[in-house]
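The following exercises are to be worked with the sequence and the model at hand. Each task is followed by a solution in steps.

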Amino acid sequence: FIPGDYSVIGGLYGTIVKFGGELPPFTDYGVRLYAHLVGLFFYCFGYAPVLLRLFNSVISIASSFLIYSLAGKIFNRDMARTAFILALFLPSSVLYSASLQKDALINFLVILVIHQIFSIEARLRPAINLLRFAAAICAVTFLYFMRINAALVLLAFIFLYAYIYFTCRFR
């Protein structure tokens with residue numbers, strides 16, 4: 001059983017824009033930012049859900065590489081390889097790659113936020129660390145507009161880590 005995907009609503013949004021209609025704002029209840037992005041893709045490239053499925057596959061593979069890098073920073077190289085293989089062949093990852101669900105993008109953004117936070121090091125220049133904080137906050141903002149409540153928890157985590165980092169750094 002593969003759950004319904006965003007190809008129908010995205011195709012509808014693409015058609016509405018193509019013929020001069022007005023889309024509901026993505027801040028309305030029930031209207032998701034991801035549906036608008038799928039509609040924009042269909043408007044630009046025509047109705048091609050296979051390309052979006054390919055994009056979801058690439059995002060899932062990129063998530064696996066981020067997990068490999070994160071596990072390599074926290075654990076050893078063997079554990080990183082094991083984590084990479086498990087993340088690559090995780091059944092939900094394969095399912096999200098085969099459909100137009102937003103969950104592959106959500107997983108990627110959450111892992112990206114965690115990776116950016118763990119990549120901040122005291123020996124780097126403050127400008128690079130601020131760019132990492134900014135990338136993490138942008139990813140969390142995108143998650144928030146996709147109506148993911150975990151974005152608020154991640155945002156609190158980022159600000160807590162930033163407070164600890166900057167208080168320890170400038171003493």
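**Exercise 1. Overall architecture**

How many helices and how many strands make up the secondary structure of the protein chain?

*Solution.* The model is a predicted one, in which local features need pLDDT of at least 70 and side-chain atom pairs count only at pLDDT 80 or more, while totals for chains, interfaces and linings use all residues. Residues are numbered from 1 along each chain as its sequence is written, and side-chain values use heavy atoms, with hydrogens and water left out.

Step 1. Helices (H or I, at least four residues) and strands (E, at least two) are taken as DSSP runs, numbered from the N terminus. The chain has eight helices and zero strands.

Step 2. Burial is assigned next: a residue is buried under 20% relative accessible area, exposed over 50% and partly exposed in between (1.4 Å probe, protein chains only). Of the 171 residues, 37% count as buried.

Step 3. A contact requires heavy atoms within 4.5 Å. Among contacts between residues at least 6 apart in sequence, 65% join residues at least 24 apart.

**Exercise 2. The nonpolar core**

Determine which residues have the most contacts inside the largest nonpolar core.

*Solution.* Step 1. A nonpolar core is a set of buried Ala, Val, Leu, Ile, Met, Phe, Trp, Tyr and Cys residues joined through side-chain atoms within 4.5 Å. The largest such core has 29 residues, and L109, V113, F133 and I158 have the most contacts inside it.

Step 1. Two or more residues each come from α2 (33–45), α3 (49–74), α6 (103–119), α7 (126–145) and α8 (150–169). Helix α6 gives the most, with nine residues.

Step 2. Leaving aside residues up to four places away in sequence, V113 touches A136, A139, V140, L154 and I158.

Step 3. Q116 lies in helix α6 and counts as buried because its relative accessibility is 13%.

**Exercise 3. Aromatic pairs**

*Solution.* Step 1. Rings of Phe, Tyr and Trp (its six-membered ring) pair if their centres lie within 6.5 Å; planes under 30 degrees apart count as stacked, over 60 as edge-to-face and the rest as tilted. The count comes to five aromatic pairs.

Step 1. F42 and Y47 form a tilted pair, at 4.9 Å centre to centre with 50° between the planes.

Step 2. F42 is buried because its relative accessibility is 6%, whereas Y47, at 55%, is exposed.

Step 3. Ring pairs link F41, F42, F45 and Y47 into a cluster.
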